[in-house]
Structure formats: C-alpha cells, structure tokens
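Here is a short briefing to read alongside the model. Take a look at the structure first, and then we can walk through it together.

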Amino acid sequence: MKIKDCVALVTGGNRGIGEAFVRALLERGARRVYVGSREIANAEHLVREAPDRVTAIRLDVTNPDHVAQAAEDCGDVSLLINNAGAFCMQTLLRAPDLSSARQEMEINYFAPLAMCRAFAPILARHEESAIANVLSAGGIVAVPGMGGYSPSKFAARAMTTCVRAELAPQNTHVTALIVGSVDTRMASHVEGFKEAPSTIAKVGLKAIERRADEVDTDYMALDVRASSARDPKAQEMMLRRSLSGDRVSTGR
Ligand SMILES: NC(=O)c1ccc[n+]([C@@H]2O[C@H](COP(=O)([O-])OP(=O)(O)OC[C@H]3O[C@@H](n4cnc5c(N)ncnc54)[C@H](OP(=O)(O)O)[C@@H]3O)[C@@H](O)[C@H]2O)c1
C-alpha cells in the first residue's frame, strides 16, 4: 500500500495522534488528506499548513448522518485511519451508571465499524487500499483501571480481524495499531514515559505500507505484549495496581 499519492481520511484528525497522522501523511506525499473533526474550526490550523492538500470535514463518528455525508463527500479515499477515540476516566463498577461504558463502546467500537461499512465500497474502487484502526494495549490485555475503555478496544480489535477477512477479496488490507502510552490530552493524567504522537504516526504508516495485520507502535505496547506472553497472571496482578486509590491510570 503506497502512502505517496494516496487519499487518506483521518478521524479525530484535529489533535493528538490523529493530527500527527495528518502531518506524517503530508510529509510522505499523500495527494489529499481529509481531516475528520467534530468541529471544523478545530482542524483549520492543518488546512492552513497545506491548503491545496488538506480538507477539513465535520465528522462526529457517532453520528450516522455525518458518517454518510463523509462517504458522499470523500469518494476518492484509498486509506481510512480510524483514530478518533475516547476514554471516560471511570471504572466499570464505581461509575454512577452505564453511560460512560456505553459511550466508550459507541466511540471506540461501533463508530470505527460504521466507518468501515460506509467506506468499504469506496475503498473497493482502488486497486489497493487500506484501513488502519488505532487500538490500544488495553485491547490486548484487560486493564481494570480503565473501565469500559479496555473492553471497547478488545471489541474493536476483534472487529478489525473480522473486517480484514471480509475485505480481503477486494484487496483492502486492515491493520490493527496497538498503541501504548502517548503524550496527548487523553493521557494527560498518566505519569511516566509517553511516546511522541509523531512516532506513532510514523510507525503506523510503515505498518499500513507493508500491509501488516497488527503492529505494536511503541515501547509500552511491546512491553505489555511481552509481559502478558511471559506470565499472564503476573501481568494481571501488576495491572490491578491501576485501580489503586481513586486514580484511574494507564501508567505503569
Ligand atoms: N494517548 C494514549 O496514550 C493512547 C494510548 C492508546 C491508544 N490511544 C488511542 O489513540 C487514538 C487517539 O487518541 P489521542 O491519544 O490522540 O487522544 P486525544 O488527544 O484525546 O484525541 C482524541 C481525538 O478523538 C476525537 N474524538 C473523540 N470523540 C469523537 C467523536 N465522537 N467523533 C469524532 N472525533 C472524536 C477528538 O476530537 P475533539 O477534539 O473534538 O474532542 C480528538 O480529535 C484513540 O483511539 C485512543 O484510544 C491513545
């Protein structure tokens, strides 16, 4: 899958890892990048950087009308990056009700699935095309301190594998990006080392380019996978620490 000259759509492209993907795509010679943003105004800084190649689109990924409109307006997309995500900072049982867990499932699981469904026919128009789903180390091991986030990323990872199979006949490859800890607003509460968003985008584009099924994008993701393979029970006990006190944490 060539990045040069591709036409990409990045959901939640206005900040954090999504913004880094937009910049990396431009650097690598993408012909056009659609920046999905809940508020167009929040993506205007990226349009200003490359007005001939960047288009901001209003896209709340949980809004079916927005998703349908994006598919209508962006009919030339050959690479879809499902990056938008949310972490509600609640635990499963201490949360006052199920609204946070439902919201995480809506944004992190149903929304990327809706995007895959809406864009599959568009991606089929190209000889080669790709989808990358930005997942989490919390989607390969259950992190008790992250409430509904971890289950939603597990679901999204399973969805990624199933959609990869469904889209193989049309030569659209689907890559799961397993992300550990990154210096963005979502992880502002996390102490300890956090990878730069630009690194995740660089590694992510390489993974898409070589049509990898699943790639760990940073040290923490690699470490979580290795620890759980070595000793899953010790890993589970260690992750219980993320529940200590009232702090919700992805940190180690
Ligand atoms: N940071 C980490 O340590 C980390 C670790 C593992 C995985 N990830 C994953 O990486 C992805 C990007 O997260 P990030 O770290 O860059 O977080 P972030 O800085 O909080 O950015 C989240 C992005 O998602 C957008 N978004 C949230 N809900 C949306 C919706 N309903 N429709 C459209 N866009 C929506 C936000 O838009 P607004 O600006 O409008 O809010 C923002 O652009 C997520 O899928 C996250 O789960 C992050």
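At what angle do helix 3 and helix 4 pack? In this predicted model, the angle between helix 3 (residues 64–73) and helix 4 (residues 99–123) is about 20 degrees, and their axes are 10 Å apart. Angles under 35 degrees count as roughly parallel, and helix 3 and helix 4 are therefore roughly parallel to each other.

**Helix 3 with helix 4**
- Helix 3 passes helix 4 in a right-handed crossing.
- On the helix 3 side, Pro64, Val67, Ala68 and Ala71 make the contact, while helix 4 contributes Ala114, Met115, Ala118, Phe119 and Ile122.
- This contact of helix 3 with helix 4 has nine nonpolar residues, with no polar and no charged ones.

**Helix 4 with helix 5**
- Helix 4 also meets helix 5 (residues 149–167): their axes come within 7 Å and cross at roughly 15 degrees.
- That angle makes helix 4 roughly parallel to helix 5.
- Here, too, you will find a right-handed crossing.
- Among the contact residues are Glu104, Met105, Asn108 and Tyr109 of helix 4, and Tyr149, Ser152, Lys153 and Ala155 of helix 5.
- By class, the contact of helix 4 with helix 5 has 12 nonpolar, two polar and two charged residues.

**Around the ligand**
- The ligand is surrounded by 27 residues, and the closest are Gly12, Gly16, Gly85, Thr184 and Met186.
- Helix 1 (residues 16–27) supplies the largest share of this shell, with three residues.
- The shell has 11 nonpolar, 12 polar and four charged residues.

Terms used
Residues are numbered from 1 along each chain as its sequence is written. This is a predicted model: local features need pLDDT of at least 70, side-chain atom pairs count only at pLDDT 80 or more; totals for chains, interfaces and linings use all residues. Axes are lines fitted to C-alpha atoms, for helices over the stretch in contact, and angles run from 0 to 180 degrees between N-to-C directions. Helices (H or I, at least four residues) and strands (E, at least two) are DSSP runs, numbered from the N terminus. Angles under 35 degrees count as roughly parallel, over 145 as roughly antiparallel, 65 to 115 as roughly perpendicular and the rest as oblique. A crossing is left-handed if the near helix is turned anticlockwise from the far one by less than a right angle, and right-handed if clockwise. Two residues are in contact if their C-beta atoms, placed from the backbone, lie within 7 Å. Ala, Val, Leu, Ile, Met, Phe, Trp, Tyr, Cys and Pro count as nonpolar, Asp, Glu, Lys and Arg as charged, and the others, Gly among them, as polar. A residue is near a molecule or strand if its C-beta atom, placed from the backbone, lies within 6 Å of it.
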